[in-house]
Amino acid sequence: MIPIDKDIFENTEVAFAHKTDTELQKAKWLFSLIGNNKLVSLGTSVAGFALKIHLPISPLFRVTVYDHFCGGETFEECKKTIAKLKKSGAYAMLNYGVELKEREEDFDKTIEKNIEALEFAGKNKDVKVLCIKITGFGRFDLFEKIQDGKKLTSAEEEELKRVVVRFEKVCESAVKNDVGLYVDAEESWIQDTLDSLTEEMMAKHNKKKAIVYNTFQHYRWDRLDYLHRQLAAAKKGGYILGAKLVRGAYMEKERDRATQKGDKSPIHDDKTGVDKDYDAAVELCLDHLDHVYVCIASQSEESNMKAIKEIDAKKIDRKHPHILFSQLYGMGDNITFNLAWLGFNASKYLPYGPVKDVIPYLMRRAQENTSVSGQMGRELRLLTTEIRRRKACK
Ligand SMILES: Cc1cc2nc3c(=O)[nH]c(=O)nc-3n(C[C@H](O)[C@H](O)[C@H](O)COP(=O)(O)OP(=O)(O)OC[C@H]3O[C@@H](n4cnc5c(N)ncnc54)[C@H](O)[C@@H]3O)c2cc1C
């Protein structure tokens with residue numbers, strides 16, 4: 001067993017083994033652009049406008065941001081990306097990158113797309129998981145109305161039934177194809193509704209193993225307690241808890257809304273509280289692997305380091321089938337591929353789909369990245385180190 005060195009995530013040779021010299025230079029150029037807040041802000045406004053007036057900006061996106069952050073437009077293209085990941089020891093987590101639409105026909109189309117992806121994943125052992133959003137199955141406002149405890153009209157009752165049927169169809173396909181289904185966590189003002197739907201599906205489909213997973217956002221101060229309660233419910237109900245652990249993507253939006261409404265913010269006051277809860281959640285899951293399948297979905301070197309040290313200290317098999325690490329495709333390669341090299345189950349969250357439909361996802365990613373300036377600096381530093389290392393070897 002390879003020992004865990006404290007500098008393990010600095011090993012750029014392993015981290016970027018899947019990239020050619022040209023790809024490294026391109027990634028460096030891309031991260032320098034993304035690291036520039038003003039440029040990203042201008043770029044996203046211009047791209048948003050160009051999309052609205054149907055300017056053909058897809059080819060430009062395709063050769064820049066898309067290729068770096070996405071698996072491909074079709075499953076055939078994704079196969080190449082998946083094979084590349086596999087070569088470096090990582091699995092793929094597919095995500096149909098098309099964002100929020102609000103019409104019934106779009107929800108039905110999303111289901112079709114999800115089922116196609118599950119069937120593709122079922123035939124490809126290197127795809128472990130499909131990530132889905134319940135807001136792809138029904139209207140956001142409907143979920144909010146349910147959470148607010150307001151009475152639904154009879155038309156809305158029917159709408160809700162259709163959401164459940166759609167979710168159920170996707171779960172059945174996940175069971176049939178033996179592929180994990182990770183349900184994304186979203187805004188706190190619809191999350192209770194999403195949680196109830198997901199809990200129901202977990203109780204039904206996770207009898208022998210975890211197929212359906214819920215996501216726990218630990219930037220919320222109430223989620224560690226919720227994780228404890230979910231674990232107890234799974235034990236009592238005789239099913240396995242599927243838990244994807246994240247910090248959370250909507251911090252500013254959550255805080256702004258709470259301020260506007262004069263409510264207490266659902267988010268921890270500071271990052272220290274988030275980190276403490278995140279690491280405690282990892283430990284809780286590692287201590288209950290008989291009842292939990294866990295995905296440690298974080299780009300934090302500290303949290304990943306703590307998790308792997310704990311796994312070794314607790315004498316848990318590094319390849320334990322109930323543990324999976326994950327980072328976003330195109331970021332955190334130093335974590336993913338070094339974890340794989342150490343023998344842990346590592347994976348990449350891999351969005352795919354037509355370029356023009358995935359552009360909103362990419363714009364969000366770029367904007368989110370500007371708020372994670374430390375991480376951009378880290379990506380740039382690692383890419384530069386590897387470029388220099390390769391030059392020195394020539
Ligand atoms: C595979 C995968 C799946 C994901 N699925 C989801 C999902 O379903 N739902 C979702 O919301 N997100 C999801 N994410 C996104 C994830 O939440 C962000 O990538 C994550 O928040 C970044 O945190 P980190 O753990 O990588 O590490 P870090 O870089 O250590 O943490 C940054 C995060 O900490 C929190 N934070 C930072 N500063 C403060 C502060 N002052 N006070 C309080 N909190 C603070 C924020 O959440 C911020 O994003 C997913 C990420 C991955 C890799």
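Author: Two strands pair if DSSP finds at least two bridges between them. Helices (H or I, at least four residues) and strands (E, at least two) are DSSP runs, numbered from the N terminus. This is a predicted model, in which local features need pLDDT of at least 70 and side-chain atom pairs count only at pLDDT 80 or more, while totals for chains, interfaces and linings use all residues. Residues are numbered from 1 along each chain as its sequence is written.

Reader: How do you know that β6 and β7 pair, and in which sense?

Author: Four bridges link β6 and β7, and the sense is parallel. Within this pairing, C295 stands opposite L324 in β7. From β6 the chain passes through helix α13 (residues 301-313) to β7, a right-handed β-α-β crossover. A crossover is right-handed if, with the strands pointing away from the viewer, the path from the first strand over the helix to the second runs clockwise.

Reader: Which residue of β6 is the bridge partner of L241?

Author: The partner of L241 is V292. Strand β5 (residues 241-246) runs parallel to β6, and five bridges join them.

Reader: What makes strand β1 (residues 90-96) largely enclosed by the rest of the structure?

Author: A residue is buried if 20 or more other C-beta atoms lie within 10 Å of its own, exposed if 12 or fewer, and partly exposed in between; C-beta atoms are placed from the backbone. Seven of the seven residues of β1 are buried, and therefore the strand is described as largely enclosed. A90, A92, L94 and Y96 lie on one side and Y91, M93 and N95 on the other, so that both faces are covered. In a regular strand the side chains alternate between the two faces of the sheet.

Reader: Which strands pair with β1?

Author: Strand β8 (residues 346-352) runs parallel to β1 and is joined to it by seven bridges; A90 stands opposite A346 there. Strand β2 (residues 127-132) also pairs with β1 in the parallel sense, over four bridges, and V127 of β2 is the bridge partner of A92.

Reader: Is L194 buried or exposed, and why?

Author: L194 has 24 other C-beta atoms within 10 Å and is therefore buried. This residue is found in helix α9 (residues 188-205). Two residues are in contact if their C-beta atoms, placed from the backbone, lie within 7 Å. Leaving aside neighbours within four places in sequence, L194 is in contact with I134, F143 and E186.

Reader: Why is R162 called partly exposed?

Author: R162 has 14 C-beta neighbours inside 10 Å, and so counts as partly exposed. Its place is in helix α8 (residues 154-177).

Reader: Which residues come nearest to the ligand?

Author: Of the 26 residues around the ligand, D184, R247, S298, Q299 and S300 come nearest, where a residue is near a molecule or strand if its C-beta atom, placed from the backbone, lies within 6 Å of it. β4 (212-217), α12 (271-286) and β7 (323-328) are the elements that give two or more residues to this shell. β7 contributes the largest share, three residues.
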